[in-house]
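Dear colleague,

I am handing over the structure we spoke about, and my notes on its charged side-chain pairs follow below it. Please read them alongside the coordinates.

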Amino acid sequence: MANEYPQAMTIAGSDSDGSAGMEADMNTFLRRDVYGMCVLTAAVAGNSYGIQASTAMPIDFVNQEFQSIADDFKVRSAKTGMLADSAMIKTVVENVKKFDFGPLVVDPVIITKHGAMLLEEDAYQTFKELLIPLATVITPNYFEAVKLTDMEIKTDEDVKEAAHKLQKMGAKNVMLKGQHQDPDQTEVRDFVLLEDGKEFWLSEPYVNTDRVNGTGDTLSACICAEIAKGVDIETAIRTGKTWVTAAIANPVEVGHKFGPVNLVKK
């Protein structure tokens, strides 16, 4: 009876302003009616203006976090976020293989939505070779997809080709997120390629706002939460798309500059 309630886990860094990372994941788990737990990989000191400092957790501590959760809980799905460096990625891979935490949603956190690289090259290679093959679902943004597939992505056919490349790299299901930097665009289109070969586009209205911190975290956490409740992969992805769009379209006014999406419980 103790472990019947749906439980999901995030493997991510902490953002002190609550807009992204572990905090966004945990807020999303709560809103989607699953019990959330976390493996802390790093901590970031930041606010709506930017990041002022960051530090990675000791590997021994991260290993103990995994062991402590596995010893007591029944995690039904897990997701990854910021993994900092190659050693951390290897540690996560080892523990995901060692314990049964259910399907794994991989949010790459390699390159920001504006194109800034977040991982050193050696860590990127480790991510590509070791973590992608474990992904039940992978959710790269446009820039991450370009980097991971080593190809230019300009047309719809390019997007489809990139998704198939990611699947060949080991990810079972791919959600390739569309760009959303052009204030003149009217929609944001994501492409989905499922394990069984089914493919389709998801489109929602574009919202011109600077309240978009944590969009990738929120999307992947929602997918993870739905999977923990026993929802099939396609439905979980579709729910994630509509969920994050609603969170963007109804901003919460906190901070002075780049704010978070709205995950305030009502």
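**Salt bridges in the predicted model**

In this predicted model, K79 and D25 are both buried. These two residues form a salt bridge with each other, in which the closest N and O atoms are 2.9 Å apart. Because K79 lies in strand β4 (residues 77-80) while D25 belongs to helix α1 (residues 21-31), the pair ties together parts that are 54 residues apart in sequence.

A further salt bridge joins the side chains of D156 and R189, with an N to O distance of 3.2 Å. Here D156 is in helix α6 (residues 156-168) and R189 in strand β8 (residues 187-193), so this pair ties together parts that are 33 residues apart in sequence. As for accessibility, D156 is partly exposed, its relative accessible area being 36%, and R189 also counts as partly exposed, at 28% relative accessibility.

The side chains of K229 and E226 meet in a salt bridge as well, at 2.9 Å from N to O. In this pair K229 counts as partly exposed, with 34% relative accessibility, whereas E226, at 5%, counts as buried. The pair is also part of a network, in which salt bridges that share partners join R32, E226 and K229.

Taken over the whole structure, there are 13 salt bridges, and the pairs described above are among them.

How values were computed:
Residues are numbered from 1 along each chain as its sequence is written. This is a predicted model: local features need pLDDT of at least 70, side-chain atom pairs count only at pLDDT 80 or more; totals for chains, interfaces and linings use all residues. Side-chain values use heavy atoms; hydrogens and water are left out. A salt bridge is a side-chain nitrogen of Lys or Arg within 4 Å of a carboxyl oxygen of Asp or Glu. Helices (H or I, at least four residues) and strands (E, at least two) are DSSP runs, numbered from the N terminus. Buried means under 20% relative accessible area, exposed over 50%, partly exposed in between (1.4 Å probe, protein chains only).
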